[in-house]
Amino acid sequence: MALGQFGLSTNGSSSDLTVTAAGTTVCDAITGLAAMLACVVWLKLNYGSGGTNVKVYVQTSLDGGNTWVDIACVVFATATETAILNFSALTPKISQVNPTDGSMTDDTAIDGILGDRVRIKVVSTGTYAGSTVLSGRMVAR
Amino acid sequence: MSVADSISGALTRFGRPMTLRRETLAPGGVKIPLDVEVYGTADGWVPKSLVGSLAQGERMIVISDREIADRQWPGPPQQNDRMQIDGRWVTVVGGVESKYLGPTVLVHILKVTGG
């Protein structure tokens with residue numbers, strides 16, 4: 001399996017997500033990460049115009065992609081902004097975590113839960129225009 | 001060792017590292033790159049007459065699909081993707097031909113220009 005840099009905002013043949021009408025988009029999952037001990041996630045909204053907010057849920061799966069668990073929720077509004085988060089698979093988590101899928105509290109993250117795949121779910125409200133682009137990258141180690 | 005492994009190994013051994021880049025245009029003309037390092041061969045520089053005295057080279061590039069698949073880069077390469085070869089940036093033009101063995105992608109053959 002490969003570690004290194006991956007595109008998190010890949011969707012089909014596009015490497016980044018153009019945000020337009022309100023809606024939910026699930027980007028392609030990065031798989032084959034069973035040996036990953038940590039990952040750094042870089043998210044950037046290049047703001048054009050319009051819109052209300054864009055919530056980016058960083059998700060992992062512990063059951064082979066059947067269900068997905070939020071590990072972060074980053075909220076972008078109407079400005080260009082970058083968010084960087086680091087996750088470790090070695091952080092002990094000995095109290096129960098109640099999983100969510102697309103409903104984690106805004107601008108929060110939970111460490112210590114990294115499955116063998118990662119993806120982002122993007123929920124936008126309002127109508128963005130002006131070629132607003134969301135980019136996501138991940139470096140797996 | 002599979003045929004795909006053999007071809008990938010040969011391109012790694014006898015080819016050279018190149019960077020394949022897909023760019024997204026963001027507001028303000030900002031280009032957002034997503035890179036993947038691949039191994040391949042480049043040959044066949046063909047001068048092509050343009051307007052006036054300008055000439056532009058076209059090259060045929062053969063790259064392995066292995067690195068693209070490993071990095072889960074949004075392949076296959078396509079027109080207007082860029083490649084860095086020997087420190088120079090070139091642009092993929094025309095159609096990209098992918099060679100398969102059954103369902104397995106082995107290599108991509110690209111025509112590039114510029115640099």
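The legends below describe close-up views of a predicted model. Residues are numbered from 1 along each chain as its sequence is written, and chains are lettered from A, and ligands numbered from 1, in the order in which they are written. Local features need pLDDT of at least 70 and side-chain atom pairs count only at pLDDT 80 or more, while totals for chains, interfaces and linings use all residues.

**View 1. An open sheet in chain A.** Five strands of chain A lie in the order β3-β10-β6-β7-β9, with antiparallel pairing. Strands (E, at least two residues) and helices (H or I, at least four) are DSSP runs, numbered from the N terminus. Two strands pair if DSSP finds at least two bridges between them. β3 (23-26) and β9 (108-109) of chain A are the edge strands; each has a single partner strand, so one side of each is left without a neighbour in the sheet. In a regular strand the side chains alternate between the two faces of the sheet.

**View 2. Strands β6 and β7 of chain A.** Strand β6 (residues 53-60) of chain A pairs with strand β7 (residues 69-76) of chain A in the antiparallel sense, over 7 bridges. Thr60(A) has Val69(A) in β7(A) as its bridge partner. Val56(A) is opposite Val74(A), which also belongs to β7(A).

**View 3. Strand β7(A) and its surroundings.** Of the 8 residues of β7(A), 7 are buried, so this strand is largely enclosed by the rest of the structure. A residue is buried if 20 or more other C-beta atoms, placed from the backbone, lie within 10 Å of its own; it is exposed if 12 or fewer do, and partly exposed in between. β7(A) also pairs with β9(A), in the antiparallel sense and over 2 bridges. Here Cys73(A) has Thr108(A) in β9(A) as its bridge partner.

**View 4. The side of chain A that touches chain B.** Here 19 residues of chain A are in contact with 14 residues of chain B. Two residues are in contact if their C-beta atoms, placed from the backbone, lie within 7 Å. On the chain A side, β1 (4-7) and β12 (133-140) are the elements that give two or more residues. The largest share, 3 residues, comes from β1(A).

**View 5. Chain B.** The secondary structure of chain B comes to 2 helices and 6 strands. From the N terminus on, the elements run α-β-β-β-α-β-β-β. Of the 115 residues in chain B, 30% are buried. Among contacts in chain B between residues at least 6 apart in sequence, 49% join residues at least 24 apart.
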